[in-house]
Amino acid sequence: MSVRVPVVEAITKANDELARLNRARLDSRGILGLNIMASPGAGKTSIIECIVPKLSRDLRVGVIEGDIATSFDAERAAAAGATAVQINTGGSCHLEAQMVSQALDQLPLDALDLLIVENVGNLICPATFALGTHQNILVASVPEGDDKPYKHPRMYRGVQVLIINKVDLLPYVRFDIERFRRGVNALNEGVLTFEVSCTTGAGMEALVDWVRAEAAARRAGAVQT
Ligand SMILES: Nc1nc2c(ncn2[C@@H]2O[C@H](COP(=O)(O)OP(=O)(O)OP(=O)(O)O)[C@@H](O)[C@H]2O)c(=O)[nH]1
Ligand SMILES: [Mg+2]
């Protein structure tokens, strides 16, 4: 144990340095970077599919998709109108700043206003690795259960935005939203929260408006990194 801890610290320190370089690449161009995290199947790509067509009316959107295998999600993001790059981690359960750096090399950064990163579906490891994005967004979905804030406190603590997805399933799934909210509040009081459904489109306009406002503020240089 006395050996392992310094090794882990060294890895995250090296990652943090690369994340700072990624952030500088975004900041020098006024690009807003969002890091979307969630468990597998929570609806990360579905949300991207919902918001990209609306955002593309006035923003140029790039998407970096992280998955262990396949390019399915990059194909879906591209079909929605984004310039998309797929990272295959080959087994790693999270993205690291180095992977994002390589993906940034493949994107036309001078022609983007917004970068959305979809992290690998996992509620544990992605919370540990900074990527250089500006906002960490967690998608929680109704069928996962209302106990997830209690079971994954680190993830819920470390995000600036929470999206509760699949609210269309509330009548059919046992999900006590008050219990869920109490768990969230204990860890991250006042976290900006959106309740949405990709199936019905409910709540999407508010989410899109928030992304637009954040991107505009960043482009105007009004937000400090
Ligand atoms: N009922 C319902 N189903 C949804 C909603 N959003 C997504 N889904 C479904 O949930 C499943 C997973 O959606 P994805 O968008 O692929 O989820 P993901 O988080 O990107 O999954 P991974 O990238 O594999 O981790 C699909 O069958 C979607 O159609 C929603 O709001 N309501
Ligand atoms: Mg996905």
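This briefing covers the shell around ligand 1 and the setting of strand β2. The model is predicted. Helix α2 is the top contributor to the ligand shell. Strand β2 is mostly covered and pairs with β4 and with β3.

**Ligand 1 shell**

- The shell around ligand 1 holds 17 residues.
- Gly43, Thr45, Ser46, Gly121 and Cys198 come nearest to the ligand.
- Helix α2 spans residues 44-55 and gives the most to this shell, with three residues.
- By class, the shell has eight polar, five nonpolar and four charged residues.

**Strand β2: burial and facing**

- Strand β2 runs over residues 61-67, and seven of its seven residues are buried.
- In a regular strand, side chains alternate between the two faces of the sheet.
- In β2, Val61, Val63, Glu65 and Asp67 point one way.
- Gly62, Ile64 and Gly66 point the other way.
- Both sets are buried, including Glu65 and Asp67.

**Strand β2: partners**

- Strand β4 (residues 114-118) pairs with β2 in the parallel sense, over five bridges.
- Within that pairing, Ile64 has Val117 of β4 as its bridge partner.
- Strand β3 (residues 83-88) also pairs with β2 in the parallel sense, over six bridges.
- Here Asp67 stands opposite Asn88 of β3.
- From β2 the chain crosses through helix α3 (residues 72-79) to β3, and this β-α-β crossover is right-handed.

Note on methods: Residues are numbered from 1 along each chain as its sequence is written. Chains are lettered from A and ligands numbered from 1 in the order in which they are written. This is a predicted model: local features need pLDDT of at least 70, side-chain atom pairs count only at pLDDT 80 or more; totals for chains, interfaces and linings use all residues. A residue is near a molecule or strand if its C-beta atom, placed from the backbone, lies within 6 Å of it. Helices (H or I, at least four residues) and strands (E, at least two) are DSSP runs, numbered from the N terminus. Ala, Val, Leu, Ile, Met, Phe, Trp, Tyr, Cys and Pro count as nonpolar, Asp, Glu, Lys and Arg as charged, and the others, Gly among them, as polar. A residue is buried if 20 or more other C-beta atoms lie within 10 Å of its own, exposed if 12 or fewer, and partly exposed in between; C-beta atoms are placed from the backbone. Two strands pair if DSSP finds at least two bridges between them. A crossover is right-handed if, with the strands pointing away from the viewer, the path from the first strand over the helix to the second runs clockwise.
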